[in-house]
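Subject: Structure handover and notes

Hello,

Here is the structure you are taking over, with my notes below it. Please keep it open while you read.

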Amino acid sequence: WSPHASPPRSLERPDRAWRGWSQVPRCLQRYSAAVTHGEEHTVSEIRLDSYEAHFAARTRGMAASEIRALFAVANRPEVVSLAGGMPFLSALDLDAVGDLARQVIAEEGSVALQYGGGQGHAPLREQLAHVMDHEGVPAHADELVVTTGGQQALDLTAKLLCNPGDVVLAEGPSYVGALSAFSAYEAEVMHVPMDGDGIAPDVLAERLGRIRASGRRPKFLYTVPNHQNPAGVSLSEGRRQQLAEIAAREDLLIVEDNPYGLLDFKGEMRTALRSLVPERTIYIGTLSKIFSPGIRVGWIAAPGPLREKFVLLKEAADLCQSNLTQLLANRWLSTQDWQGLIEAFRDGHRERSDAMLSELTAEMPEGSTWNIPAGGFFVWLSLPPGMDARELLPKALNARVAYVPGAAFFADGSGGEHMRLSYCYPTPDRIREGVRRLGSVVRTEAEL
Ligand code: PMP
């Protein structure tokens, strides 16, 4: 496992010491701290329960996500990580980005190193509107608010709309970062099932009726309509129309989170919900998957009254987005062939997806199923009946392959038979090796 530290016993002897998933995040955290800092230098543990009374009620249920705990172990070089959603950046020309960064400081240093406005740097907003336009989603720069990635947009959305106990509808499964953002404001997530065409509108309508009948208010529907994280499917055109009709009829806000829309393998673009019901849609975009996640630039496009509140919330959260990264992003989008980079990313993802799919076909035992992605980063795999991806994880880590158990993507912890496999980061050869290791673990389990 590591030259520096011994693995926790539950990882070393999974069948002996394994006493349920609840142990795993803590032991992974402690193990990863030991690996990162060396055994002698670990920070002494302060008993957290002595602070319990100080915490705001809304934070009491917060715990490290399974994904976060996993990352530290999954990032060990000997482990093939099919867990993370990190884009591979090898197609990005770092010298060009470096030159732009130098130009930003040399030519606009007094702006770049100063505070900016709460809505975001106007020239960047112009460029972001072009990015939306490129995807066929009309927007004006004045309609946008720049955020620290799409993640802050999700946080501000929940902050703006959710009172404790409000119901938020979301695909089942759903992006884990959105679930964390919503639960931080004590919203209750109700999942609506998906199939190969995305979320099911008839079930959505039925759930809405049920929520209203119980006297509660559904605050919004959260959806990732393109190459969804984690299920890897896209909402069909027909269902987009149906969702738009439901939103208009039921006065339901839609939060349309779209990090992957430009990453279709064939360059296909789908109709945005924002285009169909702009007055009821909060659209969230990000440069994380089409340029760089490290730059932390995302944005919200929302109707006027919502937008004004978003600016106030953004200012309350962090005064303004970093001008330095906004100016760098602006230069990138206004001077470089960013559409060409997106194509290079797409080609890289398609090659990786093909590697994963062919190896899954060769390695997975009967009874396992998975989607064939048309873009994005993810394969959603269902294990043979009776198997649980959480219980399998320590064995997979021992076999030096990591994935995210499906239960991480459901607010109620269901989905145990699924796992999310990401093909966005490792090389195709590493992906094949990772799937071979995983296949061997799953086959052994299936034979038991
Ligand atoms: N939404 C979805 C669906 C995502 O997959 C991610 C990143 N994994 C985000 C939002 C947030 O990304 P960022 O904050 O980097 O823009």
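In which loop is the place of Arg-400? Arg-400 belongs to the loop between α15 (389-398) and β12 (401-402). Before going further, please note that this is a predicted model.

**Backbone points**

Arg-400 is listed because its phi is positive, about 65°, although the residue is not a glycine, and because 17 other C-beta atoms within 10 Å make Arg-400 partly exposed. Asp-251 also has a positive phi without being a glycine, with a value near 50°. You will find Asp-251 in the loop between α10 and β7 (253-257). Is Asp-251 buried or exposed? Asp-251 counts as exposed, because it has 8 C-beta neighbours inside 10 Å.

Then there are cis peptide bonds. One joins Gly-172 and Pro-173, with omega about 5°. Pro-173 sits in the loop between β3 (167-172) and α8 (176-183). Another cis peptide bond joins Asn-229 and Pro-230, where omega is about 15°. Pro-230 sits in the loop that runs between β6 (218-223) and α10 (237-250).

**The protein as a whole**

The protein has 448 residues, of which 46% count as buried. Its secondary structure consists of 16 helices and 14 strands. Take the contacts between residues at least 6 apart in sequence: 75% of these join residues at least 24 apart.

**A bent helix**

Helix α5 covers residues 94-112, which is 19 residues. A straight helix would reach 27 Å at 1.5 Å a residue, but the end C-alpha atoms of α5 are only 20 Å apart. Where does α5 bend? The bend is at Ala-106, and its angle is about 65°.

**Two helix pairs**

Two packed helices are described by the angle between their axes and the distance between the axes.

For helix α14 (residues 338-363) and helix α16 (residues 428-447), the axes come within 9 Å and cross at roughly 25°. Angles under 35 degrees count as roughly parallel, so α14 is roughly parallel to α16. On the α14 side the contact includes Glu-351, Arg-352, Ala-355 and Met-356, and on the α16 side it includes Pro-428, Ile-431, Arg-432 and Val-435. The crossing of α14 and α16 is right-handed.

Helix α7 (residues 149-161) packs against helix α12 (residues 304-318) at an angle of about 115°, and their axes are 10 Å apart. That angle makes α7 roughly perpendicular to α12. The contact is formed by Leu-156, Lys-159 and Leu-160 of α7, together with Lys-309, Phe-310, Leu-313, Lys-314 and Ala-317 of α12. The crossing of α7 and α12 is right-handed.

Tyr-283 lies in strand β8 (residues 281-286). Why does Tyr-283 count as buried? Tyr-283 has 24 C-beta neighbours inside 10 Å, and a residue is buried if 20 or more other C-beta atoms lie within that distance. Leaving out residues up to four places away in sequence, Tyr-283 touches Val-137, Glu-256, Asn-258, Ala-272, Arg-274, Ile-300 and Ala-301. The C-alpha atom of Tyr-283 is separated by 20 Å from that of Ala-187, and the two residues are 96 residues apart along the chain.

Regards

Methods. Residues are numbered from 1 along each chain as its sequence is written. This is a predicted model: local features need pLDDT of at least 70, side-chain atom pairs count only at pLDDT 80 or more; totals for chains, interfaces and linings use all residues. Helices (H or I, at least four residues) and strands (E, at least two) are DSSP runs, numbered from the N terminus. The expected span of a helix is 1.5 Å times one less than its number of residues. The bend at a residue is the angle between axes fitted to the seven residues ending there and the seven starting there. A residue is buried if 20 or more other C-beta atoms lie within 10 Å of its own, exposed if 12 or fewer, and partly exposed in between; C-beta atoms are placed from the backbone. Two residues are in contact if their C-beta atoms, placed from the backbone, lie within 7 Å. Axes are lines fitted to C-alpha atoms, for helices over the stretch in contact, and angles run from 0 to 180 degrees between N-to-C directions. Angles under 35 degrees count as roughly parallel, over 145 as roughly antiparallel, 65 to 115 as roughly perpendicular and the rest as oblique. A crossing is left-handed if the near helix is turned anticlockwise from the far one by less than a right angle, and right-handed if clockwise.
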